[in-house]
Amino acid sequence: MKIIMKFGGTSVGTGENIRHVAELVMQYAQKDYKIAVVVSALAGVTNSLIEVGCQAKKSNEKQIQIFTAELLKKHIEAISSAITSKAIQKEVTQFTEKTIAELEKVLTGICYVGELTPKSRDYVASFGERLSAPIVWGAIKDHKAETQCFTGKEAGIVTDSNFGEADPLMNFTTHLIRERLSPLLEHGVIPVVTGFIAANQDGVVTTVGRGGSDYTTTILGVALQANEVWIWTDVDGIMTTDPKIVATARMLPHLSYQEATEMAIFGAKAMHPRALGPVINENIPVRIRNTANPENQGTLITKEPIANAKEAVKAVAIIKDVAMLNVYGAALVGAPGSYAKVFDVLGKNNINVMMISAAASEANISMIIKRSLLGRAISNLEIALLERGGLISEVTVEDDVAVIAVMGAKMKGTLGVASRIFSIVARKGINIHMIAQGSSELNISFVVKEKDGTAVVQAIHEEFKLDKA
Ligand code: ADP
Ligand code: ASP
Ligand code: MG
């Protein structure tokens, strides 16, 4: 069996957790599994790097030093409890000190230049995985196993230059990964690869999007022709909803690629939205498993949808940190290509539209975008289309909304699901601001005020009895 295993930030939060991860890897290595390991940054580290990168634009060297000293302390603590051999501890510690010294220089540079570009943001964000992977490597080596540590770039993951959301050049990447990692796996060496980070063709560091270690793992899974890809996390698998919102959320034992992708796109944080792209054509199964409960087989994601699903609705998710953008204009009506012009402006400015709804009168379009992109969206629409005589006459926003997505393959062709959903929301006295149903009919999404989101998710979970198999 050849398995690519990914351990998320929640699984490598502390030194003790990393020890446990190494033991888990060894259990399978001892059963003669061929294993490659992908590692995320320690929980919370990527967030803190991005935050300090943004602040570095206006902060001073002293603040940067305080941050890097704390980061060093956190990783040194992890090293000392994850690894017992003094020699390995020393090796990893020296590497960690060198890496953090490099980070300090980068942040100081940003501080002087006063600018954080998408390119330098990726470079800063890459340090989380660059610091975590060597500790996992050390903890595996501690078990006297043969292991080798790689950054995504060293492993051979080459992407386009879409910093922040890069995609792999899959043919080239497959060639390089096979060349570099396959011989190791064949000889029982365990490669440990940083998730999330890669490099473009010029060798400049890129990242594949937040939560992207899942994506790194499926890329490796395809390149190395794995039997399965396992994503270890802090919950038993993909659940009917976020267990942090509904305590009775139930694990879904089997999902199709299509269902799992839909869930990932619509907010089930357990999986990166583009992660299943590489494995679908190759038909490689993906399993989501719990590091703290390895006896559980987790959620298996394969090509086949489950024939015997009873309920039309299978899961419900909430996407926060979004905003609704409404564009009005009499000139939008009946003018061929007018919508295309609006989306072109957003597309050219790298603003992804997550959901669209248009009035039949055509005089307005409502869109959902990431809240952080709102300012950029409004200013660019204003420059391009709102000026005198332009296509649109007004842009309004609601920046305190959330999307609720209700999903299930059996929703297609089942009558009355939408009316049941909307009746529940109405009974709660909650207003719906926008509705969209994907043409796949796997999902109905709608927008409510973010403060009402949790109550809506809980009510839908209860109405469709999602806690019962
Ligand atoms: P990791 O660090 O392992 O990548 P994440 O925090 O990215 O972990 O994802 C796991 C978290 O996703 C869980 O702790 C859970 O709260 C959240 N989550 C949201 N929706 C779902 C869902 N439908 N199923 C499982 N987990 C979910
Ligand atoms: N560390 C990265 C992030 O927090 C990637 C990941 O965890 O998958 O987004
Ligand atoms: Mg994740």
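1. Glu-77 is partly exposed, its relative accessible area being 46%. The model discussed here is predicted. Glu-77 forms a salt bridge with Lys-73, and their closest N and O atoms are 3.7 Å apart. Lys-73 is exposed, with a relative accessible area of 54%; this value lies over the 50% that marks an exposed residue, whereas the 46% of Glu-77 falls in the partly exposed class. Both residues belong to helix 3 (residues 61–82), and because they are 4 residues apart there, about one helical turn separates them.

2. A second salt bridge is formed by Lys-314 and Glu-259, with 3.1 Å between the closest N and O atoms. Lys-314 is located in the loop between strand 11 (299–302) and strand 12 (315–328), and Glu-259 in helix 10 (residues 257–265), so the pair ties together parts that are 55 residues apart in sequence. Lys-314 and Glu-259 are both buried. Elsewhere, Glu-165, Asp-167 and Arg-274 are joined into one network by salt bridges that share partners.

3. Lys-6 forms a salt bridge with Asp-214, for which the closest N and O atoms are 2.6 Å apart. This pair links distant parts of the chain: Lys-6 lies in strand 1 (residues 2–7) and Asp-214 in helix 9 (residues 213–223), 208 residues apart. Both Lys-6 and Asp-214 are buried. In the whole structure, a search finds 16 salt bridges.

4. Ligand 1 is surrounded by 17 residues, of which the closest are Thr-233, Asp-234, Met-239, Asp-242 and Lys-244. The shell around ligand 1 comprises 6 nonpolar, 6 polar and 5 charged residues.

5. Oxygen atoms of ligand 1 take part in several side-chain pairs. A polar side-chain atom of Thr-10 is 3.0 Å from an oxygen atom of ligand 1, and one of Asp-234 is 2.8 Å from an oxygen atom of ligand 1. For Asp-242, an N or O atom of the side chain is 2.7 Å from an oxygen atom of the ligand. On its own, ligand 1 has 570 Å² of accessible area, and the protein covers 91% of that area.

6. Ser-393 is placed in the loop between helix 13 (374–386) and strand 15 (394–407). Ser-393 is exposed, with a relative accessible area of 55%. Apart from neighbours within four places in sequence, Ser-393 is in contact with Tyr-328, Gly-329 and Leu-386. The C-alpha atoms of Ser-393 and Leu-332 are 9.5 Å apart in space, while the two residues are 61 residues apart in sequence.

Technical notes. Residues numbered from 1 in each chain as written. Chains lettered and ligands numbered in written order. Predicted model: local features only at pLDDT ≥ 70, side-chain atom pairs only at ≥ 80, totals over all residues. Heavy atoms only, no water. Near = heavy atom within 4 Å. Polar contact = N/O pair within 3.5 Å; in protein donor to acceptor, adjacent residues only side chain to side chain. Areas by Shrake-Rupley, 256 points an atom, 1.4 Å probe, with all protein chains shown as cover. Nonpolar A, V, L, I, M, F, W, Y, C, P; charged D, E, K, R; others polar. Helix = DSSP H or I, 4+ residues; strand = E, 2+ residues; numbered from the N terminus. Buried < 20%, exposed > 50% of the residue type's maximum accessible area, 1.4 Å probe, protein only. Contact = heavy atoms within 4.5 Å. Salt bridge = Lys/Arg side-chain N within 4 Å of Asp/Glu carboxyl O.
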